[in-house]
Amino acid sequence: MEVIGCSLWDNWVEEALSKLESLKVLRSLRPIHLPHGVAHQPTFVENCSSNPNQEFQVFDGPCQWDRASVEVNISESTFQKWLHDVPSSGIPIFAWDDNDAIYENVRDDDGVELTDGKLRKLIVFSGNDYMGLSSHPMIRSAASKAAQEHGMGPRGSALICGYTSYHRLLESSLADLKGKEDCLLCPTGFSANMAFLTAVGNIGLLLAGGKPSYDDRVAIFSDALNHASIIDGIRLAEKQGGAVAFVYRHCDMCHLDALLSNCPMKKRVVVTDSLFSMDGDFAPMSELAKLRKKHGFLFVIDDAHATFVCGERGGGAAEMFNCETDVDICIGTLSKAAGCHGGFIACSKKWKLLIQSRGRSFIFSTSTPVPIAAASHAAVVVAKEEAWRRSVIWNRVQEFRALTGIPAESHIISIIVGSEHKALQASRHLLKLGFHITAIRPPTVPPKSCRLRITLTAAHTMDDLRKLTDALAQCVNFREIEALSTNCFPKL
């Protein structure tokens, strides 16, 4: 069934592309080679031991700049507003004192200074910069050099004038990382999911030459806890009339199998987060791969939170679970573990051509600025080479388990405390002790499942972790966590 299913999808995509070609609406990317060619390589820095034979300089352990990804300062007024849950629409203005120390500079209408409050330092345990790459010198250097040479680059959509050799280089490196034939960059991870899902829904419309019958539509099977970008993409595909959504219970393969078995539609897609951002659990990748063989569906994952962190090469969840060849399309982001910005869809050349011709959020968005593309390419290289960062993350996960007894599956740890009041109270307590961990509340999570979402990174030290768990123990009963962690299913 696997070969038949995949072959059918190839045929459907080819047929859709033929229809677009006959209508003369196939879109083309035209890489612009900016003056002086692809970006100059970053200069080497003199700190830390490194491998001078690398095209990009990489390092064999943590360096001083890594702390910039987990240490932040906040003003006293921001601290007080957070502490008392006072809404804020901006941040204060800062100034420097005579000793070159930064402080909050708040003045009245006449320019009279009202406060000289010093800033508070916080350790961030709520960010998504899992590898600690946002402050890496090679990534900073790549962005800086591209900006110095080209500014922000040609500004336009990728289909008009915004697609350069920098973008193509990044796409190639991501395709290689994911083991796919090609890759399409999108402005964000959110827009990548939207682009793919609207494009896949268009197959039903294109092949029918209009609004298809129910059985000729594309059936999209979605995990109940999938990311909002997947949900919104499915809604748009349904609204356009080319797709029908089926929601299966979170990670419940028996439910998914039953839905697939009873589905009359031939064009079937299963889409899931590979690592769920609010719960920290993995999709059952191996079981999904088995169901793919049985039912012949198109297997699509949103690998946003596993890319660069999971797998020996950082290839993500599919590499970690040894099912890369079973995943047909891998959607991801460069705004999390890469420490940069943007989204991507790793796929075949046929799928890329279809998505760039029918993915609305891709077609109608300005492309990624050249310095960001250059920085992202550097991040792909560094993340692959500095494998010690992945090891540190997984060491932190094991240490967190040992210190708390919470059976964390990944670097995302969801401590469900129940009510909004309890979550806010715990977040405020941690803030007082110097930890930046926000309370996650509805509509991000269902009511009565409010939580503290803790993320462990390569920049955190064992000392950071000990202090955090000591602080958590003062406001959270670790023994109650597992009892509260019951799955809730928001409606699509």
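Author: A definition to start with: a charge sits over a ring if NZ of Lys or CZ of Arg is within 6 Å of the ring centre and within 35 degrees of the ring normal. The model is predicted.

Reader: Fine. Which ring does K267 lie over, and at what distance from the ring centre?

Author: K267 lies over the face of W12, 5.1 Å from the ring centre.

Reader: And R120, which ring is that over?

Author: The ring of F79. The charged end of R120 is 3.7 Å from the centre of that ring.

Reader: Back to W12. Which cluster is it linked into by ring pairs?

Author: One made of W9, W12, F196 and W351.

Reader: How many aromatic pairs does the structure hold?

Author: It holds 8. One of them is W9 with W351, which counts as tilted because the planes are at 40 degrees, with the ring centres 6.0 Å apart. This pair links distant parts of the chain, 342 residues apart: W9 is in helix α1 and W351 in helix α10.

Reader: Are W9 and W351 buried or exposed?

Author: Both W9 and W351 are buried. F59 and W65 form another aromatic pair, edge-to-face, at 5.0 Å centre to centre and 65 degrees between planes. F59 and W65 are buried too.

Reader: New topic: R453. Where does it lie?

Author: In strand β17, residues 450-455. R453 is buried but has no salt bridge. The nearest side chain of opposite charge is D279, 8.7 Å away.

Reader: What does its side chain make a polar contact with, then?

Author: The side chain of Y130, at 3.2 Å. The backbone oxygen of S277 also lies 2.6 Å from a polar atom of the R453 side chain.

Terms used
Residues numbered from 1 in each chain as written. Predicted model: local features only at pLDDT ≥ 70, side-chain atom pairs only at ≥ 80, totals over all residues. Heavy atoms only, no water. Helix = DSSP H or I, 4+ residues; strand = E, 2+ residues; numbered from the N terminus. Buried < 20%, exposed > 50% of the residue type's maximum accessible area, 1.4 Å probe, protein only. Lys, Arg positive; Asp, Glu negative; His and termini not counted. Salt bridge = Lys/Arg side-chain N within 4 Å of Asp/Glu carboxyl O. Polar contact = N/O pair within 3.5 Å; in protein donor to acceptor, adjacent residues only side chain to side chain. Phe/Tyr/Trp six-rings, centres within 6.5 Å; stacked < 30°, edge-to-face > 60°.
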